[in-house]
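Colleague: I have a few quick questions before I start on my notes. Could you go through this one with me?
Modeller: Of course, let us look at it together.

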Amino acid sequence: MKARMLALSVLLAVFSLTGSSFAADTRFIPITIGQTFEFAVSDNNPSTPDWTENIAVSGLAQIPPSLLYYTLDQKGQGESRLIGIRSTAADVRQYDGFGKEYIIWKKAAVGTVWSYIENSGQKIQRKIEAIENVTVPAGTFTNCLKIHNKCANCSGVTDWYEWVKPGFMMVKWVDYWADNAPVTHRLKSWTAPAAP
Amino acid sequence: MKARILFSSLLLFVFSLSLGPSAFAADTRLIPFAVGYSFVFHASNGTNSWEEKMTSSGMTSIPSALQYYTVDASTQLGTGTRSLRSTPTTVYQYAGFGKETVFWKTGAAGTTWKYTEGDGKIIEKKIVALNQTVTVPYGTFTGCIKYQNRCTNCFGNTQWTEWIKPGFMMVKWQDYWSGGDTPTVHELISVTTP
């Protein structure tokens, strides 16, 4: 039990340093525990009221031997999930379970294409399609990467588009792989972690 | 970057101190999760059979006080990850946004509790029997707790039954919620230690 308490104390000390202590954070997406993001969501059904989707960076998952993922709590209309992601200076990776990860976003040139197979068997193809300025309720974000995604071995329309602001976060996504598509998410507000 | 690597190394060192049953000769937790353990289950619905796997792959820390084991699970539909922690009496699941739910707990037969999942499903759990003896391919387990569960605001037959061996793990579950009149039965067939 003493070892466990020691572990906890060290973790908390690390959490209190992470983020705010890295003045020159060079990560592509510098997420930090305590951040929250609120998205306004609308779909193509006029009778459906708009709703809100929330993402909170709630913690840190450590997968031995050396990988650390931020835990993102995501809650929208009728669904809720936890996602583990980590960012390097060049890309953002999502934990898929059983020690496997895949690249969801890359800081690369327009035209860059990559793909991966999820543990579910779905083959996801991603392409950086453009660099664009994006205006959402939270403001205008310049030089966002527009990423076009689809499932290559699924039936039906599976496309979705994401706009990622380097040095910040995803600010918009439009999902055609959904009921009442397209479903559009626009960043409405965000909060930074409380000062230590 | 150096500072981040230092933190990572420190975390690994601390985790290596805090994990594994060998570090806890008298681990009193209801389910003594430890990083590196894998449990493989044989699943059958009467027509098809397959294997499912649960692995404690790491740990998740939620400030300011809670630590969960990262448990990856494979099913027919793909994979999912849960964050679980155990006390001597209760297993909690991290539900997001600082909330947790009671996944399993000890108690007298008849003990019932409910929780609402993030998607709105209301799950009711009940301890229906104690001291159950369960035989699965991996062996015979005595003193198991039998839980009867259901979704109270979902359509159809949502019942599933779980058998937990205190001090070890879930050894069997039987699920009607996956569809059809015949339940899908999962039985433990192997355990891999780190």
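**Talking through the model**

Modeller: This is a predicted model, and a place to begin is B:F97, which sits in the loop between β5 (90–96) and β6 (99–105) of chain B. B:F97 has a positive phi of about 55° although it is not a glycine.

Colleague: Is B:F97 buried, exposed or partly exposed?

Modeller: B:F97 counts as partly exposed, because it has 16 C-beta neighbours inside 10 Å, and the partly exposed class lies between 12 or fewer for exposed and 20 or more for buried.

Colleague: Which residue of chain A takes a positive phi in the hairpin of β5(A) and β6(A)?

Modeller: That residue is A:F98, with a phi near 55°, in a hairpin that has 2 residues between its strands. The two strands run antiparallel and are joined by 6 bridges, and one pairing to look for is A:V92 with its bridge partner A:W105 in β6(A).

Colleague: How many bridges join β4(A) to β5(A)?

Modeller: There are 3 bridges between strand β4 (residues 80–87) and strand β5 (residues 91–97) of chain A, and these strands run antiparallel. They form a hairpin with 3 residues between them, and in β5(A) the bridge partner of A:I85 is A:Q94.

Colleague: Changing topic, where are the cis peptide bonds in chain A?

Modeller: One joins A:P64 and A:P65, with omega about 10°, and A:P65 lies in the loop between β2 and β3 (67–75) of chain A. Another joins A:A181 and A:P182, with omega about 0°, and A:P182 is found in the loop between β11 (170–175) and β12 (183–191) of chain A. The loop between β11 and β12 of chain A also holds A:N180, whose phi is near 55°, a positive value in a residue other than glycine.

Colleague: Why does A:N180 count as exposed?

Modeller: A:N180 is exposed because it has 12 other C-beta atoms within 10 Å, and the exposed class takes in 12 or fewer.

Colleague: What about the inside, which residues touch the most other members of the largest nonpolar core?

Modeller: They are A:V164 and B:I164, in a core of 59 residues, to which strand β2 (residues 51–63) of chain A gives the largest share, 6 residues. Leaving aside neighbours within four places in sequence, A:V164 is in contact with A:W105, A:C144, A:L145, A:I147 and A:M170. In soluble globular proteins, nonpolar side chains tend to be buried together.

Colleague: Back to chain B, how many helices and strands does it have?

Modeller: Chain B has 1 helix and 12 strands, and buried residues make up 29% of its 194 residues.

Colleague: Where is the confidence lowest in chain B, and where is it highest?

Modeller: It is lowest in helix α1 (residues 2–18), at a mean of 40, and highest in strand β8 (residues 122–136), at 98. Over residues 1–24 of chain B the pLDDT is below 50, although this stretch has 32 contacts in the model beyond near neighbours in sequence, so please read those contacts with the confidence scale of 0 to 100 in mind. Chain B as a whole averages a pLDDT of 87, and 87% of its residues score at least 70.

Colleague: And what are the ipTM and pTM?

Modeller: The model scores ipTM 0.81 and pTM 0.84.

Technical notes: Residues numbered from 1 in each chain as written. Chains lettered and ligands numbered in written order. Predicted model: local features only at pLDDT ≥ 70, side-chain atom pairs only at ≥ 80, totals over all residues. pLDDT = per-residue confidence, 0-100. Helix = DSSP H or I, 4+ residues; strand = E, 2+ residues; numbered from the N terminus. Contact = placed C-beta atoms within 7 Å. Core = buried A, V, L, I, M, F, W, Y, C linked by C-beta atoms within 7 Å. Pairing = 2+ DSSP bridges.
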